[in-house]
Amino acid sequence: MADIKYYDVILKPVVTEKSMDLMGDKKYTFLVHREATKAQVKEAVEKMFDGTKVKSVNTMNCLGKKKRVRGKMAYGTTAKTKKAVVQLTEDSSEIEIFQGL
């Protein structure tokens, strides 16, 4: 397992229609490091965003998409990714980066 610091775990927020609907239930979606565990994601969210307490973390590994290479019949794949859906507790404050979206 890699030695990942908490500031390297969260890569960027995922802003889609489905993830915006989940924000009403205090669930936030992030793209995370591929080798990050649920405990590391929980620690990273609580340290990076003040006043947040994580109730649960769900992660999913997403395979890369098939893409044609240089217009030929050969195929390659894009990079694999990992997403995490973080649910905050009821008394937790909301995450500011999602405000105003």
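This note goes through the predicted model from the overall fold down to single residues.

1. Overall make-up. The protein chain contains three helices and six strands. Along the sequence these follow the pattern α-β-α-β-α-β-β-β-β. Taken along the principal axes, the C-alpha atoms fill a box of roughly 55 × 35 × 20 Å.

2. Burial and contacts in the chain. The protein chain has 101 residues, of which 31% count as buried. Among its contacts with a separation of 6 or more, 63% come from residues 24 or more positions apart.

3. Four strands make up an open sheet in the order 1-2-6-3, and the pairing is antiparallel. Strand 1 (10-13) and strand 3 (54-62) are the edge strands, each pairing on one side only. From one strand to the next, the twist averages 30°.

4. Strands 1 and 2. Strand 1 pairs with strand 2 (residues 27-32) in the antiparallel sense, over three bridges. Pro13 has Phe30 in strand 2 as its bridge partner.

5. Helix 3 lies across strand 1, strand 2, strand 3 and strand 6, and it runs at about 125° to strand 3. Its buried residues are Gln40, Val41, Ala44 and Val45. Seen down the helix axis, these buried residues fall within an arc of 130°, so they line one face of helix 3. An α-helix has 3.6 residues a turn, so residues three or four places apart point the same way. The cover over the buried residues of helix 3 includes helix 1 (6-9) as well as strand 1, strand 2, strand 3 and strand 6.

6. In soluble globular proteins, nonpolar side chains tend to be buried together.

7. Val41. This residue is one of the buried residues of helix 3. Not counting residues up to four places away in sequence, Val41 touches Val9, Val32, Ala36, Val57, Ala84 and Val86.

8. Gln87. This residue is found in strand 6 (residues 81-88). Gln87 counts as buried because its relative accessibility is 19%, and buried means under 20%. Leaving aside neighbours within four places in sequence, Gln87 is in contact with Asp25, Lys26, Lys27, Val54, Lys55 and Ser56.

9. Salt bridges. Side chains of opposite charge can pair when their charged atoms come close. A search of the whole structure finds two salt bridges. One joins the side chains of Asp3 and Lys5, at 3.6 Å from N to O. Asp3 has 67% relative accessibility and so counts as exposed, while Lys5, at 37%, counts as partly exposed.

10. Lys47 forms a salt bridge with Glu43, and their closest N and O atoms are 3.0 Å apart. Both residues lie in helix 3 (residues 38-48), four residues apart, which is about one turn of the helix. Lys47, at 46% relative accessibility, counts as partly exposed. Glu43 also counts as partly exposed, with a relative accessibility of 35%.

Note on methods. Residues are numbered from 1 along each chain as its sequence is written. This is a predicted model: local features need pLDDT of at least 70, side-chain atom pairs count only at pLDDT 80 or more; totals for chains, interfaces and linings use all residues. Side-chain values use heavy atoms; hydrogens and water are left out. A salt bridge is a side-chain nitrogen of Lys or Arg within 4 Å of a carboxyl oxygen of Asp or Glu. Buried means under 20% relative accessible area, exposed over 50%, partly exposed in between (1.4 Å probe, protein chains only). Helices (H or I, at least four residues) and strands (E, at least two) are DSSP runs, numbered from the N terminus. Contact means heavy atoms within 4.5 Å. Two strands pair if DSSP finds at least two bridges between them. Axes are lines fitted to C-alpha atoms, for helices over the stretch in contact, and angles run from 0 to 180 degrees between N-to-C directions. The arc is that of the directions from the helix axis to the C-beta atoms.
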